[in-house]
Amino acid sequence: MSAVIEEHHDDHHDHKPTGIGRWLFSTNHKDIGTMYLWFSFIMFFVGGTLALVIRAELFEPGLQFVEPELFNQMTTLHGLIMVFGVIMPSFVGLANWMVPMMIGAPDMALPRMNNWSFWLLPGAFGLLIASLIMSLMGMGSAPNFGWTFYAPLSTTYGPASTDFFIFSVHMMGISSIMGAINIIATIINMRAPGMTYMKMPIFVWTWFITAYLLIAVMPVLAGVVTMMLTDRNFGTSFFSAAGGGDPVLFQHVFWFFGHPEVYIMILPSFGIISQIVPTFSRKKIFGYSSMVYATSSIAFLSFIVWAHHMFTTGMPVATELFFMYATMLIAVPTGVKVFNWVSTMWRGSLTFETPMLFAIAFIFLFTIGGFTGLMLSIVPADFQYQDTYFVVAHFHYVLVTGALYGIFAAVYFWLPKWTGNMYDEKLGKIHFWVSTISVNVLFFPMHFLGLAGMPRRIPDYSLQFAEFNAIASVGAFVFGFSQLILLYNIIKTIRGKSTVKATAQVWEGAEGLEWTLPSPAPFHSFTTPPTFK
Amino acid sequence: MENADNTNTGNKKVIRNLLFVVVCMFGFGFALVPLYDAFCYVTGLNGKTGDQFVSDAPVQVDTSREIRVEFLANTNDGMPWEFRPLTYSVKVHPGEATRVEYVAINKADRDIVGQAIPSVAPGLAASHFQKTECFCFTEQVLKAGEEKTMPVVFMIDPSIDEDIHEVTLSYTFFIKPGSEDAKVHTVETAVKAISSVALSTPPTQH
């Protein structure tokens, strides 16, 4: 075993391996980061297609295109793919690319494990998507219980493909845990001399905290799907009242994972915004240490608020009040972050390149999502909003215009560093404006639909909801197709024929170790640690 | 080179510690199961009632208060039993032992093992609702077509909150998991039950 490891240890050539082997056996953080990003981009179009099926069906009342059974599979797989196949892997991809370069490390701490964590993902999503393909071929339903897979929908009443889903979630979980261990090991052990914890870039900090969240809650998710597996196949009764279990227990265990999960999906975006806003404001970030402490507080609070997802399951008033106040408390550190971003821009020499536009849109639109979250945290109000389109509007504002906009901003921000070519700024701006207008056309009316009482996850609706649904569907198609602009722009930049070459620093106000490397970043970087002042 | 070795040991330590956390958190997921039960027991969440009540000392009957107890009966989906209380509600004084009866009829042409799960609403009353005798303490076997009258003897603890004037006791009968291929039969019997109801129900006046 050790002989094998040592044999490859000296394998430090400067040339890139070629052919498919470069990708299959890659231990290079940049190549693995690229694979993560392409994988999540492909999944983004798959999940987006499912979303468009949903919006096409909801364009007008009545049943048009899909049967309710298929509609349920669409909502389920859309959620699962976007959460586990798009947002999470693209963050890991960004961490792979940027964390070693930002802390002055030659690579990730555990490159082989890095390879394994990526290559588990195509297997996991192959299984999940296979269940949908089988469903379309008439071989039984794909998972149809919503991305939250509540028992008993997923246990007693789950289709046969639920076992595919369970195995798929296990693989994603192992992948995320390994990715997180790798990132923590890299950050702890491989920082350049002089880079103390409180000098790390904020993106590194947010990923450091996110990785701990992953380590803490992905095993709980693995536990809950394991309980489902044994309930379904081995005669246990964790979630079956008949055998002395309790379906509500499922929700507690799931949301104990699920709430930290939503911060796993936003903290790295906070980090990205904290890199971009100072760059284009040509100022240092306002309140660096308060940013770090705010992120840590959010991470801590995320563990003690899970039951706000289940106010209507029935719980003692004291418990409801506890979870309500704890949830509202999260608005404080989040407010600190928003304040710091705005203060960073205050009296800065602002320019509005595409990454900055996405970052500003993030701050504005994520805050709207945060406010609706605050509304949902109020127990009596939640009783009305529960399971309506208001909730759908809320989490799409924080996930699409929050997490996803962070990722868009990051791609535009670092693409010149990755490829050595500037992207097409005009196309980038078109992408931004078309996306930002259409995403609001898509999700803003959902607030009104939810307040008026339209339930989520239902393929049909009462006539009074028709106009807002039609508007939302138009927004959805424009938003969906405008992402092809991003795809085209990225391909154009990679090919680099008609674009400007990027300098090492790329952006005038950019600071940090990653901008000291030439663009494109060489295959192996920082083989000797840089000095960090 | 020495630096690389240090990093290597450092990495091993990080991996070891983090894997330990992973294993602990996986265990914690399962530990939530008994924790949740304990939590429910303390708070009466979900109306879970305790096991058979054995009184050490005679309980003082509080004749100054009267609480109305209502009885509900359900079968889980597709279970082919008819199940109902013989009395739908009684008024009791806290501390007073009361006996009521439920009746269950197995409508299927096979023997079925059932398990009744009690639930008390409001949840805060659950831990004060004491049963000295109940058909829910054991599983019930009903032969095909058999009818059975089953007693419940209960007492409401006088320490129950002053504000509670009404308590509902609900039983749901489940086919005992594992006693037969519960899932297959549930679906089959559901279909049968629906079709038999559809066929046997005389047309009603509208």
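Ile20(A), Leu24(A), Phe25(A) and Trp119(A) together make a nonpolar surface patch of about 440 Å². A patch joins residues with over 30% relative accessible area and no salt bridge, linking nonpolar side chains (Val, Leu, Ile, Met, Phe, Trp, Tyr) within 5 Å and like charges within 9 Å. A salt bridge here is a side-chain nitrogen of Lys or Arg within 4 Å of a carboxyl oxygen of Asp or Glu. Accessible areas come from the Shrake-Rupley method with a 1.4 Å probe, and for residues only the protein chains shown count as cover.

This is a predicted model, in which local features need pLDDT of at least 70 and side-chain atom pairs count only at pLDDT 80 or more, while totals for chains, interfaces and linings use all residues. Residues are numbered from 1 along each chain as its sequence is written, chains are lettered from A and ligands numbered from 1 in the order in which they are written, and side-chain values use heavy atoms, leaving out hydrogens and water.

Leu24(A) sits in helix H2 (residues 20-24); helices (H or I, at least four residues) and strands (E, at least two) are DSSP runs, numbered from the N terminus. Leu24(A) counts as partly exposed because its relative accessibility is 35%. Thr388(A) counts as buried because its value is 6%. The cut-offs are under 20% relative accessible area for buried, over 50% for exposed, and partly exposed in between (1.4 Å probe, protein chains only).

Thr388(A) belongs to the loop between helix H14 (379-385) and helix H15 (389-419) of chain A. A polar atom of its side chain lies 3.1 Å from the backbone nitrogen of Phe390(A). Leaving aside residues up to four places away in sequence, Thr388(A) touches Gly450(A), Met454(A), Pro455(A) and Arg456(A), where a contact means heavy atoms within 4.5 Å.

Now for chain B, which has two helices and nine strands, in the order α-β-β-β-β-β-β-β-β-β-α from the N terminus. Of its 206 residues, 36% are buried.

How confident is the predictor? Its pLDDT is a confidence for each residue, from 0 to 100. Chain B averages 80, and 80% of the residues score at least 70.

| Element of chain B | Confidence | Mean pLDDT |
|---|---|---|
| Helix H2 (residues 182-200) | lowest | 47 |
| Strand E3 (residues 89-92) | highest | 92 |

Over residues 182-186 of chain B the pLDDT is below 50, and this stretch has seven contacts beyond near neighbours in sequence. For the complex, the predictor gives an ipTM of 0.87 and a pTM of 0.88.

Definitions and conventions: pLDDT = per-residue confidence, 0-100. Polar contact = N/O pair within 3.5 Å; in protein donor to acceptor, adjacent residues only side chain to side chain.
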